[in-house]
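Q: Please take a close look at the pockets and cavities here. I would like one connected account.

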Amino acid sequence: MEKYYKETFSRIPEEKQRRILDAAETEFAAKGYTGANINVIAEKAGISIGAMYKYFGSKEDLFLTVVEQAHDLLATVLAQIGQAQGDIFEKIETMVRAAQQYARRFPELHQIYLDMTSEGLSHLSRKLSCKMETISAEFYHGLIQTAMAQGTISRGLDARVAALCIDNLILMLQYSYTSDYFKERLKVFIGPDALSDDEKIVNGTMAFVRGALSV
């Protein structure tokens, strides 16, 4: 796994590491990469700016370390779902529920993910998209290919296009529980109770997915 922090960071106590990354996560989520101030992060973490640069070579390295947490979280969730029993529809439903749960549990990481798609981070787009999206693309593509081979879903699907469509669906759902704009968008489409009626979203989403993929 690629590391963006210096060796000195790995040698400090885990509690201090967590404090620094939590402060960075909060600052990046609130102000975006461009607006975030590494001096503010250091102050909130209770360390000097000199110490911060002993741990990270730049603001970009600190940001990429925070992004790595989101990648690790995604990898863990996908691995758990991939190893669980159930057909493709049960696993996609688990992903829908995980999207709801983790967007609420880790709103700042999801906000950072949303910021990663902005033009302001175009210089990092290739690195970030390859890192974050490959794991999802491979997971959904494998899930779909297996289901097609088993006859669970239509064999006439383009597995890679179908994987993109499912990932887009999950991604937009995550945004709908993270961003104020997308929260209001969800209410426009679903109704004023959209954010409080998770089962309505799950059931409606799965009815759509079954209709789109079934033989």
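A: Ala, Val, Leu, Ile, Met, Phe, Trp, Tyr, Cys and Pro count as nonpolar, Asp, Glu, Lys and Arg as charged, and the others, Gly among them, as polar. The model is predicted: local features need pLDDT of at least 70, side-chain atom pairs count only at pLDDT 80 or more, and totals for chains, interfaces and linings use all residues. Residues are numbered from 1 along each chain as its sequence is written, and side-chain values use heavy atoms, with hydrogens and water left out.

Two terms come next. On a 1 Å grid over the protein atoms alone, a cavity is a set of points where a 1.4 Å probe fits but cannot get out. A pocket is an open set with protein on both sides within 12 Å along at least five of seven lines. Lining residues have an atom within 4 Å of a point. Grid points are joined across faces, edges and corners, and a volume is the space filled by probe spheres set on the points. Helices are DSSP runs (H or I, at least four residues), numbered from the N terminus.

The second largest pocket holds about 150 Å³ of space. Its lining has 10 residues, with Met 116, Thr 117, Leu 128, Ser 129 and Glu 133 closest to the centre. Helix 7 (107–116), helix 8 (125–150) and helix 9 each give two or more residues to that lining. Helix 8 gives the most, five residues. By class, the lining of this second largest pocket has six nonpolar, three polar and one charged.

The largest pocket has about 330 Å³. Thirteen residues line it; nearest its centre are Leu 173, Arg 185, Leu 186, Ile 190 and Thr 205. Helix 9 (159–176), helix 10 (180–190) and helix 11 (198–213) each supply at least two. Helix 11 has the largest share, five residues. Eight lining residues are nonpolar, three polar and two charged.

Now the cavities. There are two of 30 Å³ or more.

Tyr 4, Leu 64, Val 67, Glu 68, Lys 127, Leu 128 and Lys 131 line it. Helix 5 and helix 8 each give two or more of these residues. Four are nonpolar, none polar and three charged.
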